[in-house]
Amino acid sequence: MKSLEADVVVIGGGSTGVGVVRDAAMRGYRAVLLERADLGQGTTARFHGLLHSGGRYVVSDPQSATECAEENAIVKRIQADAVEATGGFFVVTPGDDPGFADKFLAGAAATGVPAREIPVAEALRREPLLNPGILRAIEVEDGSVDGWQLVWGAARSAQAYGAEVLTYHKVVGIEREGDRVSAVLARDVKKGEDVRIDCGFVLNCAGPWAGQVAAFAGLHDVNVVAGRGIMVAMNHRLVNTVINRCVYPTDGDILVPVHTVSIIGTTDVKEDDPDVLAIPRAEVQQMLDAGEKLVPTFRNARALHAWAGARPLIKDDRVAATDTRHMSRGMAVLDHASRDGLKGMLTIGGGKLTTYRLMAEHIVDAMCDQLGDTERKCRTADEPVPGSESRKLYQVTHRLAEVEEERLTDPVICECELLRRSVLVKTMKEQPNATLDDIRRQTRLGMGPCQGGFCSTRAAGIAVAEKVVDAERATGLLRLFLKNRWIGLWPILAGDQVRQTALDHWIIQGIYDVEHLPQPEQEVVL
Amino acid sequence: MIDVVVIGLGPAGLSAALKLAESGRTVKLVAKGEGGFQLSQGTVDILGYSPERVTSPLAAISGLPGGHPYVGIGADKVRDAVLWLRDTVGDELLVGDLAENYVLPTAVGAMRPTALAQPSMVAAHQASSYAVVGVRQLKDFPAELLAGNLGCQVAWVDLPARKEVDSSAHMFARAMDDPGYARRFASAVAAVAPKGAVLLLPAILGVKPGTWRRISDQLGRPIAEVPMQPPSVPGIRLHDALLAKFKAAGGRVIIGSRVVGCKTAGGRVASVTVAVAGGPRDLRASDFVFAPGGFASGAITVDSRGKISEPLFGLPLTQTDANAVVGPDYWAPHPLFEVGVETDDAGRAKYDNLYLAGDIIAGAERWREKSGEGIAVATAVRAAESIMGGRA
Ligand SMILES: Cc1cc2nc3c(=O)[nH]c(=O)nc-3n(C[C@H](O)[C@H](O)[C@H](O)COP(=O)(O)OP(=O)(O)OC[C@H]3O[C@@H](n4cnc5c(N)ncnc54)[C@H](O)[C@@H]3O)c2cc1C
Ligand SMILES: Cc1cc2nc3c(=O)[nH]c(=O)nc-3n(C[C@H](O)[C@H](O)[C@H](O)COP(=O)(O)OP(=O)(O)OC[C@H]3O[C@@H](n4cnc5c(N)ncnc54)[C@H](O)[C@@H]3O)c2cc1C
């Protein structure tokens, strides 16, 4: 068994966990982050892509609204390369109560969320596909955010401050000495090695899995309710501005332009197991119907991919456990010292990706309080993370400009997403143990219309050519990639994506016969 | 006066059109795109898996379940059709005797069965050992992956096809038809090629059928072309050969035009409407061959709610609800892609003079069982013979 020592162990490598490890490291703690899979593979890979302006909560949850507005500005400042400042509209669609817009404007004023009503004609001029029947439009500062850019940026910042970020390390136990936490036991699932980290503090940031993690410390009543929501990415930027329905939060009321796609979402259904999240075809239909309310031609566009995430809501007894939408989305920090008599462990739940930095500040503050380190102040709000030093916000045209510049030297491996070979190879070499899916999340390999039909075999070939992996592993990774892409493909298969899928099958199975490649004794899963 | 209008320019449409033109019919071929050969491996499959690997494709036809397109045709007719295609394009383009499938490496290193192959490929069948040479500027040929999966040596040559680094197989193949370029290529390959009984090269050895032989001769050792993803150079060779024969037999072609409608009367198709420059035009004919492809070409559509249809003639399909035939297992069969139109024994559906050929016909997931060209050609020849027989 490998042994490590740290002041604090952070469990979970979603947006919250990376924010926490960065914050702790910047305050001078020796911090280790443990994530059972890759960074941003839990809820953070399964969200809507919206950098909230706060608008969504001005009526239903004023505190969240204010927090979102403040953090929206901070994230743009410290993680510019992850954010596109698309702006957003709240629109009253035919049949919605126009009076809600007045409540909205009043709520915005009260919560400090910048908002201004604009003429419907202006909204339609800026977003020509928008429903021409909308009755009112309010402009806000919504943006879109790439969750993977965000977590990797924060993780690199934490590493620069000395933190260790250990992915594919699954926590399997938490040890206590008397009334204190003393160590975390983890399994390095890639190497098959056990790791023990002696530590004085554990911060449980395991999102919907936080209850499972708490149970490792003998705390069996941390009740995290998983509120499943699905999202569907459509093949185009149907809009360039985030479009929200101006109603009390409901299903399918937001359309977010992210990179090359626009994403409609979401639903809210209580689930028991955050690892098993269905994407029912009926819910996909519900999303397409909802999309038509905002953009009448919605069904003419092509659904590309779908995914489902689970909101990690810490159960609040004031509302029924089945009504996840109305539980506090605000963050909750559980202090297990006062709650359960266990010192050195805190759990955080709820919150949003937009407010990840503030969540981190809260939980690390609470740790400092317990440790009596009150002079260590949070410093995360101003310093840009590595990669965002220029403070230039992301633009969807970035890659096109780079491809044009490099066209004589750097081939495009994924045409849909304009991913250049050099970028792919750099990512692969930095993370030689990565799967092609890990690479995909960071580079958008295979995320476009062809969903990997043309680029997956190229990428597998390059991984071998660049000596990152051998042919056997590349073959396994290719198979895993195709299998994983299918998770989000079959639920939306319709329209032109059927045609694309047929072409992909002609290539992958018809020409390459991938299904009869030499098969490893065990499928590659990591 | 046109005898037959053929819709579709893939293996099925081209075969039907050629067969009919050779028999003296006046044939007009209409197609909106370039056809399925461009997207294929450029060999002729009959049956590769059923579901285990098939050695003798004709013998295996008898074991297929009812509803499979081959079942109504029978092994003899399938053989005749495929041999007709082979003999028509000649042994510069297709070889094989159908007794046994060839088993040829794919570009990622799987061993793939096929019934007829191009002479530039067949050295790879049952070779005692291989070597691989890739081209740096050709991103679609994963040479190390191929070599790794075959357990052989690999080397690279550096030879751009043009100034921009991104070049398709087709661009390389066109360059290769220039003897100077081909010579440079062969010299570069000779300088690095590892040992091995058969040297595997990307399928870029000329759009013209004979180019590969020059390269092989210069190298002085057995070589084999390995097919890649579209645009498929070997596929283009077959396409070009069949199209040229069709034109030589007097056939006329309208390419790049979509058939947008039809006029029917008394259980027969009277004409199809083609969207050509200057407005729609009706093409009347005695018979129609409908070989428009399947899901991949957009001939069978699925709307956003999952309703499957054939929009042009409104032909009945074996299943109309996609929601009922898609599933979560990527590796399992996908019954959605077996959906299509059932025909009578003459190959007709819905109308007395509408004959179907190729992917539009229900009953097989072709890329899985490796049967696309065989079904296409066999159903095309059936359509042509039905038409010829009916009017003889
Ligand atoms: C449908 C949906 C839509 C959303 N849309 C938005 C949006 O548009 N904008 C926004 O700001 N927010 C949105 N959110 C909220 C946002 O996604 C979450 O608040 C955020 O991603 C939570 O991050 P997290 O780090 O807390 O959880 P996670 O990302 O789930 O991270 C927890 C991590 O813990 C790991 N883990 C679990 N068990 C173990 C173990 N034993 N050992 C080690 N690691 C373990 C998991 O693998 C996981 O990576 C949305 C949420 C959902 C569900
Ligand atoms: C903002 C945003 C924009 C996106 N844009 C696009 C796009 O343009 N095109 C596109 O194709 N996709 C897009 N996606 C979806 C993306 O490709 C993935 O499908 C999605 O993020 C799911 O993440 P994944 O890759 O980790 O999971 P998957 O590919 O679904 O699965 C990978 C692995 O995670 C495991 N897994 C499955 N369910 C869970 C679970 N609930 N928790 C933890 N692990 C699980 C699987 O077993 C598998 O091993 C977008 C996603 C987001 C959040």
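Student: Before we start, what does partly exposed mean for a residue here?
Tutor: Partly exposed is the range between buried, under 20% relative accessible area, and exposed, over 50%. Arg348(B) is partly exposed, with a relative accessible area of 27%. Keep in mind that this is a predicted model.

Student: OK. Which residue does Arg348(B) form a salt bridge with?
Tutor: Its partner is Asp344(B), and the closest N and O atoms are 3.0 Å apart. Asp344(B) also counts as partly exposed, at 30% relative accessibility.

Student: How many salt bridges over all chains?
Tutor: A search of the whole structure gives 56. One of them pairs the side chains of Glu415(A) and Lys139(B), at 2.9 Å from N to O.

Student: Where do Glu415(A) and Lys139(B) lie?
Tutor: Glu415(A) is in the loop between β21 and β22 of chain A, and Lys139(B) is in the loop between β5 and α4 of chain B, so the pair joins two chains.

Student: Lys139(B): buried or exposed?
Tutor: Buried, at 17% relative accessible area. Glu415(A) is partly exposed, at 37%.

Student: And which residues are linked with them in a network?
Tutor: The network of salt bridges links Glu415(A) and Lys139(B) with Arg458(A), Asp140(B) and Asp166(B).

Student: What about Asp87(B), which residue is its salt bridge with?
Tutor: With Arg86(B), where the closest N and O atoms are 3.0 Å apart. Asp87(B) counts as exposed, at 52% relative accessibility.

Student: Switching to helix α2 of chain A, how many residues?
Tutor: It has 17, residues 62–78, and reaches 24 Å from first C-alpha to last, close to the 24 Å expected.

Student: Which of its residues are buried?
Tutor: Among them are Ser64(A), Glu67(A), Cys68(A), Glu71(A), Ile74(A) and Lys76(A).

Methods
Residues numbered from 1 in each chain as written. Chains lettered and ligands numbered in written order. Predicted model: local features only at pLDDT ≥ 70, side-chain atom pairs only at ≥ 80, totals over all residues. Heavy atoms only, no water. Helix = DSSP H or I, 4+ residues; strand = E, 2+ residues; numbered from the N terminus. Expected span 1.5 Å × (residues − 1). Buried < 20%, exposed > 50% of the residue type's maximum accessible area, 1.4 Å probe, protein only. Salt bridge = Lys/Arg side-chain N within 4 Å of Asp/Glu carboxyl O.
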